[in-house]
Amino acid sequence: MIVATGKKEDLEQARAQHLADEQDVMVVMLSDRQLLIPGLVDSHIHAPQYPNCGLGYDKPLLDWLQAYTYKLERKYRDLEYSKKVFNAVVRKTLNHGTTTACYFASMFEDASMILVDAVIEHGQRAFVGKINMTTLAPDDYKETPEETIKLTRKFIEAVRSKNCDLVEPIITPRFALSLEMDSMVELGHLVKEYDVNVQTHISENQDEVKEVNKKYGIQYANVYDEAGLLTPKTVLAHGIYLSDEELSLLRQRGSSVSHCPDSNTCLKSGMCDVRRLFNFGIKVGLGTDVSGGPSPSIVSAMRSALATSINLSFSQKNYKPLNYMDVFYLATLGGAEALSLDHKIGNFEVGKEFDALVVDMGAENCNTDMLLDCSPLELLQKFIYTGDDRNISNVFVAGKSVK
Ligand code: GUN
Ligand code: ZN
């Protein structure tokens with residue numbers, strides 16, 4: 001936990017006090033080219049899709065899912081393969097500074113537990129969800145309505161039995177086209193019974209929205225609401241095409257949006273207007289949406305969020321595009337709020353858990369050499385626009401060094 005922040009003298013004093021109380025205390029000191037920033041939060045990432053990064057972006061969402069995604073995700077029946085990929089994903093995201101990840105794992109419950117084990121072993125903070133899907137998928141990659149509920153219950157109990165403070169299960173209906181209403185209602189019951197977070201997709205692609213409207217005869221957000229899946233602990237990926245009524249409903253329910261600009265560009269889904277979400281008072285975080293997005297880096301997502309917002313500003317009068325501070329917020333405290341973890345992480349308030357990155361802008365062999373004298377805010381700006389994992393020299397999760 002963070003016990004004090006400030007100048008060297010303040011920290012020395014806090015250290016002396018803690019040592020006098022016989023408590024362990026660590027002080028992180030920085031050189032003038034280093035920054036200490038809150039850990040980055042990836043509020044939407046598909047761990048099993050990592051091998052597909054960069055593939056299939058000639059197809060729109062619904063075709064891409066059938067042609068690429070389900071074919072790959074079927075392979076996680078193989079638990080050795082699951083172990084190999086999931087360990088690589090957790091290691092890779094930690095290297096890129098993701099201290100908290102909200103993962104779509106696999107439809108397979110046992111493979112999803114392997115992701116839980118990888119997260120625990122590497123010391124990441126995470127939500128892990130076993131995917132629910134009973135329809136609109138290949139015959140050998142879907143479950144019956146009975147199985148999907150039974151295995152979700154089993155998964156929640158198995159994750160909780162690990163007694164690891166950093167890892168929580170999350171209910172994960174893939175999207176409204178993957179399930180029938182009855183199954184979603186039953187998942188809604190599990191949400192109440194276990195007081196558990198929820199993640200899914202919403203309004204990512206215009207054809208998808210049309211299909212949902214046709215299937216259910218109501219707006220997309222209302223489908224999830226009818227099932228009891230919109231809660232203050234629900235995060236919805238994308239939300240590009242939500243109507244004003246849907247945004248008001250999300251605001252009322254306290255549900256949040258994970259903005260995934262890399263994915264939205266690659267799959268040509270559209271441009272999400274984060275400013276509009278803010279105006280409706282909705283909590284927003286950033287997601288890589290691997291492998292809809294090609295990069296496991298939230299720094300890349302920050303840059304794409306800036307680009308998307310600037311593109312939106314060209315077609316709207318008096319539009320104020322997001323700046324680097326806004327996207328930094330989305331990547332840290334915004335993400336923590338979106339996942340309902342802001343009482344624990346997101347910034348350096350005393351009492352929060354110490355999830356942090358040491359960013360070294362003087363690191364060798366990276367994009368940021370030839371650095372001139374910079375203020376801390378200029379260093380931050382430079383990191384967001386030009387930095388990458390090579391600049392992240394140390395990563396802490398709950399006070400433990402994990403890189
Ligand atoms: N909608 C339903 N499933 C998926 C998925 O795996 N990725 C993305 N980007 N959208 C989805
Ligand atoms: Zn996704």
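Analyst: The following dialogue takes up the domains, the ligand and the backbone in turn. This is a predicted model, in which local features need pLDDT of at least 70 and side-chain atom pairs count only at pLDDT 80 or more, while totals for chains, interfaces and linings use all residues. Residues are numbered from 1 along each chain as its sequence is written, chains are lettered from A and ligands numbered from 1 in the order in which they are written, and side-chain values use heavy atoms, without hydrogens and water.

User: Which residue ranges make up domain 1 and domain 2?

Analyst: Domain bounds come from an automatic or database domain assignment. Here, domain 1 covers 8–37 + 355–401, and domain 2 covers 40–339. Their centres, taken over C-alpha atoms, are separated by 30 Å. Contact means heavy atoms within 4.5 Å; domain 1 brings 18 residues to it and domain 2 brings 19 residues.

User: What area is buried between domain 1 and domain 2?

Analyst: Buried area is the accessible area (1.4 Å probe) that two parts lose on being put together, summed over both. For these domains the value is about 1600 Å², and carbon and sulfur atoms give 70% of it. On the side of domain 1, Ile384, Tyr385 and Val397 supply 35% of the area buried against domain 2, more than any other three residues.

User: How many salt bridges cross the interface of domain 1 and domain 2?

Analyst: A salt bridge is a side-chain nitrogen of Lys or Arg within 4 Å of a carboxyl oxygen of Asp or Glu. The rule finds 1 salt bridge across this interface.

User: Which residues are around ligand 1?

Analyst: A residue is near a molecule if one of its heavy atoms lies within 4 Å of it. Among those around ligand 1 are His46, Trp64, Phe175, His201, Glu204 and His238. Oxygen atoms of ligand 1 lie 2.9 Å from a polar side-chain atom of Gln49 and 2.7 Å from a side-chain N or O atom of Arg174. A nitrogen atom of ligand 1 is 2.7 Å from a side-chain N or O atom of Asp289.

User: Is the peptide bond from Val290 to Ser291 cis or trans?

Analyst: Most peptide bonds are trans, and most residues other than glycine have a negative phi. The bond from Val290 to Ser291 is cis, with omega near 5°. His238 has a positive phi, near 90°.

Conventions: Polar contact = N/O pair within 3.5 Å; in protein donor to acceptor, adjacent residues only side chain to side chain.
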